[in-house]
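Please look through the sequence and the model below, and then follow the packing of its parts step by step.

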2 protein chains.
Amino acid sequence: MVSFPDVSITVPEWVQREVRPGERYVMPEDRMRFVISLAARNIERETGGPFGAAVFERDTGALVAPGVNRVELSLCSAAHAESVALMVSQRVLKTHDLGAPHLPKLELVTSSQPCIQCYGNLWWSGISRLVTGTSVAQTTAIGGFDEGPVPSNWAQLLRDRQPAERSMEVVEGVLADEACKVLELYARKGGARY
Amino acid sequence: MVSFPDVSITVPEWVQREVRPGERYVMPEDRMRFVISLAARNIERETGGPFGAAVFERDTGALVAPGVNRVELSLCSAAHAESVALMVSQRVLKTHDLGAPHLPKLELVTSSQPCIQCYGNLWWSGISRLVTGTSVAQTTAIGGFDEGPVPSNWAQLLRDRQPAERSMEVVEGVLADEACKVLELYARKGGARY
């Protein structure tokens, strides 16, 4: 007897069709351009909010898994782009710890700096580097999104994390102008904010 | 063609068998005792870590959905007890917003104060009250768990949230001694920490 439903979080059908696992995005800008294009396509196809993210192998740039905002269509307030990319990657690699010793070093690239929720998810995800596009200030100013009480020293807290092998590199503001444009497009279209 | 797997988060089979949706837990202590018993059973049956949580209707005490820690068995670092309870509840009520106007007021009761990840999840969940058992200090001292950089004024930030209709009541330390006992049991058994 099933008393409680399973939670199911999926990437959109167009992601399954258009995005290839293992495809290599060599340069940091290639990776950021890819996640910005996820955000843009997520608006165009009306499959969620204006955010894209992906987990890559740091050294090779091979794509592990993409994520887009799926809050409304997955009926799940936790289904922000970053968290979807992390959760799908953990499923792809069959571990809850993306920092497990048998894995290559992994990074999360996101079109917008994580909100308080995705910031929290980073801590137990196992990724060793985070690369962001727009800042919280830009996401709030342009998109009108509430990002929650992200501490001003958020990046330093990740860098200073103990034990040292769990500390995280943080690279901010890659292609931020291009990432801002997607938020501007969404704001002009009058999309939902959540 | 499916390139990327679905994420699936489930409650354990014993929860499906032993817990009844809609059952009423009238007093605050009844609700806390129930989530502590979820944590204890999750250890006994070896289905996850020593944490339990549940979403209830505030006025009636009717159970919406329970959650237990499912990190290892769901291959998902986000599957902490509180987040599982929130995600399953959103699925039960068919909305990403547990604060939607058509719903009764809902609360999350958790055997341990939320870590940085679950703290972040609270912000977009829509619950209007949080009730905790052990504090972060107790969870760390007894269970050896890393709870991340939860701000010292975390409860006040939830209470002061704007707009005012999104502010959250926070009640701390309900049956904390009983909640501590489950962490002590887990520590004695030498369970995994994640």
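In which sense, left-handed or right-handed, does α5(A) pass α7(A)? In this predicted model, the crossing of α5(A) with α7(A) is right-handed. The contact draws on A:Gln138, A:Thr139, A:Ile142 and A:Gly143 from α5(A), and on A:Ala176, A:Cys180, A:Leu183, A:Glu184, A:Tyr186 and A:Ala187 from α7(A). Sorted by class, the residues where α5(A) meets α7(A) are six nonpolar, three polar and one charged.

Two packed helices are described by the angle between their axes and the distance between the axes. Here the axes of α5 (residues 136–143) and α7 (residues 176–189), both of chain A, come within 9 Å and cross at roughly 30 degrees. Because angles under 35 degrees count as roughly parallel, α5(A) and α7(A) are roughly parallel to each other.

The contact between the two chains comes next. Chain A contributes 48 residues to this contact, and chain B contributes 48 residues. On the side of chain A that touches chain B, the elements giving two or more residues are β1 (7–9), α1 (13–18), α3 (81–92) and α4 (116–125) of chain A, and of these α4(A) gives the most, with eight residues. By class, that side of chain A has 26 nonpolar, 15 polar and seven charged residues.

In soluble globular proteins, nonpolar side chains tend to be buried together. The largest nonpolar core in this model has 116 residues, and those with the most contacts inside it are A:Ala54, A:Val55, A:Ala85, B:Ala54, B:Val55 and B:Ala85. Leaving aside residues up to four places away in sequence, B:Val55 touches several residues, among them B:Val64, B:Ala85, B:Leu98 and B:Ile127, as well as B:Ser89.

Technical notes:
Residues are numbered from 1 along each chain as its sequence is written. Chains are lettered from A and ligands numbered from 1 in the order in which they are written. This is a predicted model: local features need pLDDT of at least 70, side-chain atom pairs count only at pLDDT 80 or more; totals for chains, interfaces and linings use all residues. A nonpolar core is a set of buried Ala, Val, Leu, Ile, Met, Phe, Trp, Tyr and Cys residues joined through C-beta atoms within 7 Å. A residue is buried if 20 or more other C-beta atoms lie within 10 Å of its own, exposed if 12 or fewer, and partly exposed in between; C-beta atoms are placed from the backbone. Two residues are in contact if their C-beta atoms, placed from the backbone, lie within 7 Å. Axes are lines fitted to C-alpha atoms, for helices over the stretch in contact, and angles run from 0 to 180 degrees between N-to-C directions. Helices (H or I, at least four residues) and strands (E, at least two) are DSSP runs, numbered from the N terminus. Angles under 35 degrees count as roughly parallel, over 145 as roughly antiparallel, 65 to 115 as roughly perpendicular and the rest as oblique. A crossing is left-handed if the near helix is turned anticlockwise from the far one by less than a right angle, and right-handed if clockwise. Ala, Val, Leu, Ile, Met, Phe, Trp, Tyr, Cys and Pro count as nonpolar, Asp, Glu, Lys and Arg as charged, and the others, Gly among them, as polar.
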